[in-house]
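Open the model in your viewer and keep the sequence panel beside it. The stops below go one selection at a time.

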Amino acid sequence: MNTWKKLKQIDWTQLQHLGIIGFLGLFWIPILKWFFLFYLIGFIQLFKGMKEAEKESNIKNLNNYYLTFFLSQLNPFVFFPATLQGLGQIVILLKNISGFPDRDNYQNKTDFILPFQGQWFVANGSSTKKNSHSWDILTQRYAYDFIIVDPNKKSFEQEGKSLSDYYCYEKEVLAPADGRVVTVSDRVKDYTGVGDLSLDWKTRDFRGNFVIIQHADKEFSFIAHFKSGSIRVQKGQQVRQGEVIGLCGNSGHSTEPHIHFHIQDNANLWIATGLPIRFKKVLVTLDGEESMVRMHDFIEKNEKVENLA
Ligand SMILES: [Zn+2]
């Protein structure tokens with residue numbers, strides 16, 4: 001491939017991640033200060049993205065979300081890992097300089113199932129840029145957020161002010177494929193401030209409680225926001241597809257109980273490239289109407305999805 005084509009493939013907005021160096025540069029070498037401009041550009045883009053999300057989702061008031069997101073930058077337990085994540089983006093960019101894995105060029109080595117039983121709703125996530133969970137966070141480019149909704153598309157009963165109001169809270173989370181557990185982190189309390197779209201800005205880990213499982217060479221799953229103390233597997237343990245590994249919770253940066261699931265090419269979250277996920281056999285229902293069976297295929301935002309044996 002010629003150089004020009006390679007250059008065109010790079011998403012140059014990614015340069016904002018260099019701003020992290022600039023932020024650190026404020027305290028170090030004077031010339032690095034200029035990278036801080038990238039950091040500002042990153043924040044402006046983030047803000048624009050949120051405003052667009054607000055418009056699209058018909059959610060009137062995301063102010064609590066913005067406020068707690070910015071406050072969380074003052075929390076060293078969030079700021080330093082977020083900085084690592086930002087620096088990791090540069091590593092991921094360099095790793096994929098000749099092109100990123102996408103739905104057309106990447107073949108899964110593993111046959112994945114959805115990490116739950118029964119019908120859930122894809123609140124976020126897609127195999128394409130349009131409805132991506134977070135296209136520019138390269139590890140989570142193909143991530144999904146799953147919740148359970150009722151026929152009115154509501155994810156809770158009562159007022160949604162308590163964790164137990166949420167249909168998916170404490171539901172079992174399953175291993176999406178056979179594999180070996182490489183990381184377990186179960187040290188964060190569930191965030192109880194649900195119902196106002198705020199984030200737990202004082203959390204000790206924005207990932208919440210999470211598990212990383214290796215399924216194949218360069219194929220790992222990352223599953224997060226488990227209920228505190230609910231993870232049933234240990235580091236080094238072999239798991240079988242469909243085995244219960246913990247319970248759905250609301251730990252870390254999560255506005256309501258949900259399962260976050262993505263796959264990545266490395267055990268280390270900060271430097272792993274996110275990979276598209278084809279699921280083995282899924283019953284997909286859109287808008288409560290037509291159902292179709294999809295085999296070895298992707299799922300998309302706003303679909304109701306369920307494993308088929
Ligand atoms: Zn997520």
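Start with the record: an unreviewed UniProt entry lists residues 20-44 and 65-84 under "transmembrane region". Helices (H or I, at least four residues) and strands (E, at least two) are DSSP runs, numbered from the N terminus.

Before moving on, note the ground rules. Residues are numbered from 1 along each chain as its sequence is written, and side-chain values use heavy atoms, without hydrogens or water. The model is predicted: local features need pLDDT of at least 70, side-chain atom pairs count only at pLDDT 80 or more, and totals for chains, interfaces and linings use all residues.

**Whole chain**

Colour by secondary structure. The protein has five helices and 13 strands. Of its 309 residues, 49% are buried. Buried means under 20% relative accessible area, exposed over 50%, and partly exposed in between (1.4 Å probe, protein chains only). Among contacts between residues at least 6 apart in sequence, 67% join residues at least 24 apart. A contact here means heavy atoms within 4.5 Å.

**Helix H5**

Select residues 76-95, helix H5. The end C-alpha atoms of H5 are 28 Å apart, which agrees with the 28 Å that its 20 residues should span at 1.5 Å a residue. That expected span is 1.5 Å times one less than the number of residues. Now show Asn75, the cap at the N-terminal end of H5. A side-chain oxygen of Asn75 lies 2.8 Å from the backbone nitrogen of Phe77. Next, pick out the buried residues of H5, among them Val78, Phe79, Pro81, Ile92 and Leu93. Gly86, Gly88 and Gln89 are also on that buried list.

**The zinc site**

Which residues are the protein donors of the zinc ion? Show His133 (NE2), Asp145 (OD) and His260 (ND1), which lie 2.1 to 2.2 Å from the zinc ion. Donors are N, O and S atoms within 2.8 Å of the metal (3.2 Å for Na, K and Ca); water is not among the atoms, so sites may look incomplete. Along the chain, the donors follow the spacing H-x11-D-x114-H. His133 sits in the loop between strand E1 (120-124) and strand E2 (144-147), while Asp145 is in E2, twelve residues away. Asp145 is buried, with a relative accessible area of 9%.

Select residues 209-216, strand E5. Seven of the eight residues of E5 are buried, so this strand is largely enclosed by the rest of the structure. Two strands pair if DSSP finds at least two bridges between them. Find Val181: its bridge partner in E5 is Ile213.

Phe210 stands opposite Ala224 in E6. E5 and E6 form a hairpin with two residues between them. In that turn, Lys218 has a positive phi of about 60°. Eight of the eight residues of E6 are buried, so E6 too is largely enclosed by the rest of the structure. Last, bring in strand E9 (residues 259-264), which pairs with E6 in the antiparallel sense over five bridges. There, Phe220 has Gln264 as its bridge partner.

**Two residues of E4**

Zoom to Gly179 in strand E4. Is Gly179 buried or exposed? Gly179 is buried, with a relative accessible area of 8%. The C-alpha atoms of Gly179 and His215 are separated by 4.4 Å, though the two residues are 36 apart along the chain. Leaving aside neighbours within four places in sequence, Gly179 has contacts including Ile213, Gln237 and Val239.

Finish at Ser185, also in E4. Ser185 is buried, at 11% relative accessible area. Not counting residues up to four places away in sequence, Ser185 touches Asp205, Gly208, Asn209, Phe210 and Ile231.

Notes: A polar contact is a pair of N or O atoms within 3.5 Å; within protein, one must be able to donate a hydrogen and the other to accept it, and residues adjacent in sequence count only if both atoms are side-chain atoms. UniProt positions are given in the numbering used here, feature names are shortened, and annotations may be inferred rather than shown by experiment.
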